[in-house]
Structures are given as structure tokens and as C-alpha cells.
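I opened this one today and kept notes as I went. Here is what I looked up, in the order I looked.

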Amino acid sequence: MIIRNYQSSDCKALADLFYHTVHVINAKDYTQKQLEAWASDDIDLEKWNQSFQEHNSIIAIEHGIIIGFGDIDKTGYLDRLYVHKDYQRKGVATAICNQLESINFKKIITHASITAKPFFEKRGFIVIKKQEVERKGIFLTNFLMEKINQ
């Protein structure tokens with residue numbers, strides 16, 4: 001696996017990976033309506049690209065295929081972390097998080113899905129609060145989590 005910095009040419013592939021990962025991996029914890037509200041097929045690629053460029057954004061690649069990505073902003077907010085459905089539980093998210101967390105933040109915050117919550121707990125994140133967030137008129141449960149670095 002190769003980890004490299006995000007490039008604008010990656011944006012469409014990341015949007016596709018995001019859509020398919022949410023609709024397959026998160027389907028056990030969310031309804032179809034929730035999945036559609038969370039990950040629709042009309043992602044604004046310009047906004048995503050701008051966000052990735054403003055954040056520390058990295059890509060995991062294996063055999064020329066993007067298998068995961070993650071990004072963290074300058075305040076320590078871990079915004080996105082997604083791994084291709086065929087590469088789950090193979091250390092991809094861990095490798096991405098290890099790199100993102102190596103940036104010297106006192107505290108890292110994320111909004112973890114029901115599905116991702118156990119992964120973040122194993123990494124030392126604690127739940128600050130359970131939340132119901134609204135996306136396109138549909139409510140989804142997630143967790144505000146934080147990790148304090150010593």
C-alpha cells in the first residue's frame with residue numbers, strides 16, 4: 001500500500017469510493033433513506049476538491065487503485081475517512097489515521113458514524129456526545145468523538 005498526498009485529479013474517484021463505501025459498509029447501521037441523504041450521487045466535486053486542498057488530505061493506493069482516503073483540517077478536525085468496500089479490515093484506515101494523527105495536534109475531533117465508532121474507540125477516541133444530524137431532511141445518528149494527544 002502506498003500513501004500519498006491528495007491531487008485534484010483524485011476527486012472524482014474519491015467521490016465514487018465514498019458513495020459506494022457508505023451504501024455498502026454503512027447499510028447495516030442506517031436505512032436506505034439515510035444512506036441516500038448521507039451519500040447521494042450528486043456530490044459537488046468543486047466543493048470537495050476545494051475542501052481536500054484546504055485540508056491535509058491523503059490517499060491510500062494499492063495496485064494503482066485508490067483504496068482509501070482521509071483528511072484533517074488545520075484545527076485537528078478529522079473530516080473524512082473512507083475505505084473501499086473490498087479493502088475493509090486490512091489496515092487501510094489505520095495507516096491513513098496514523099499519518100493524519102502524526103501531525104502535532106493537542107486534540108483531534110471527528111464525527112463518527114455508528115459503523116466507525118468502534119474503530120475510533122480502539123484508537124483512543126472517546127465519545128463526547130451522541131448526535132442526530134440532519135441531511136436533506138433526514139436524521140442520522142453519529143458521535144462527536146475526540147482524542148487528546150499527550
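**Ground rules.** I start with strand pairing: two strands pair if DSSP finds at least two bridges between them. Helices (H or I, at least four residues) and strands (E, at least two) are DSSP runs, numbered from the N terminus. With that settled, I looked up Tyr77, and Tyr77 stands opposite Ile109 in β5.

I note that this is a predicted model, where local features need pLDDT of at least 70 and side-chain atom pairs count only at pLDDT 80 or more, while totals for chains, interfaces and linings use all residues. Residues are numbered from 1 along each chain as its sequence is written, and side-chain values use heavy atoms, with hydrogens and water left out.

**The sheet.** In what order do the strands of the open sheet come? I read off β1-β2-β3-β4-β5-β7-β6, which makes 7 strands with mixed pairing. β1 (2-5) and β6 are at the edges with a single partner strand each, so one side of each has no neighbour in the sheet. From one strand to the next, the twist averages 25°. For angles I use this convention: axes are lines fitted to C-alpha atoms, for helices over the stretch in contact, and angles run from 0 to 180 degrees between N-to-C directions.

**Strand by strand.** β1 runs antiparallel to strand β2 (residues 56-62), and 4 bridges join them. Arg4 has Ile59 of β2 opposite it.

Next I took β4 (residues 77-83) and β5 (residues 107-113), which run parallel and are joined by 2 bridges. Together with helix α4 (residues 92-101), β4 and β5 make a right-handed β-α-β unit. Right-handed here means that, with the strands pointing away from the viewer, the path from the first strand over the helix to the second runs clockwise.

On to β7 (residues 138-148), which is antiparallel to β5, with 7 bridges between them. I found His111 opposite Leu144 in β7. β7 also pairs with β6 (residues 126-135), in the antiparallel sense over 9 bridges. β6 and β7 form a hairpin with 2 residues between them, and Lys136 in the turn has a positive phi of about 55°.

I picked Thr110 in β5. Buried or exposed? Thr110 counts as buried, at 2% relative accessibility. My cut-offs are under 20% relative accessible area for buried, over 50% for exposed and partly exposed in between (1.4 Å probe, protein chains only). Contact, for me, means heavy atoms within 4.5 Å. Not counting residues up to four places away in sequence, Thr110 touches Tyr77, Leu78, Phe120, Phe125, Phe143, Leu144 and Met145. I also checked Ile128, 18 residues from Thr110 along the chain, and their C-alpha atoms are separated by 10 Å.

Glu146 sits in β7. With a relative accessible area of 16%, Glu146 is buried too. Beyond four places in sequence, its contacts include Lys107, Ile108, Ile109 and Phe125.

Val133 is in β6, and its bridge partner in β7 is Leu140. Leaving aside neighbours within four places in sequence, Val133 is in contact with Ile138, Phe139, Leu140 and Asn142.

**Helices.** How do α1 (residues 11-25) and α3 (residues 45-54) pack? I get an angle of about 105°, with the axes 10 Å apart. α1 and α3 are therefore roughly perpendicular. For the wording, angles under 35 degrees count as roughly parallel, over 145 as roughly antiparallel, 65 to 115 as roughly perpendicular and the rest as oblique. On the α1 side I listed Cys11, Lys12, Leu14, Ala15 and Phe18, which meet Leu45, Trp48, Asn49 and Phe52 in α3.

Most residues other than glycine have a negative phi, so I looked for exceptions. His63 has a positive phi near 50° and lies in the loop between β2 and β3. His63 is exposed, with a relative accessible area of 73%. Arg89 has a positive phi near 60°, in the loop between β4 and α4. At 85% relative accessibility, Arg89 counts as exposed.
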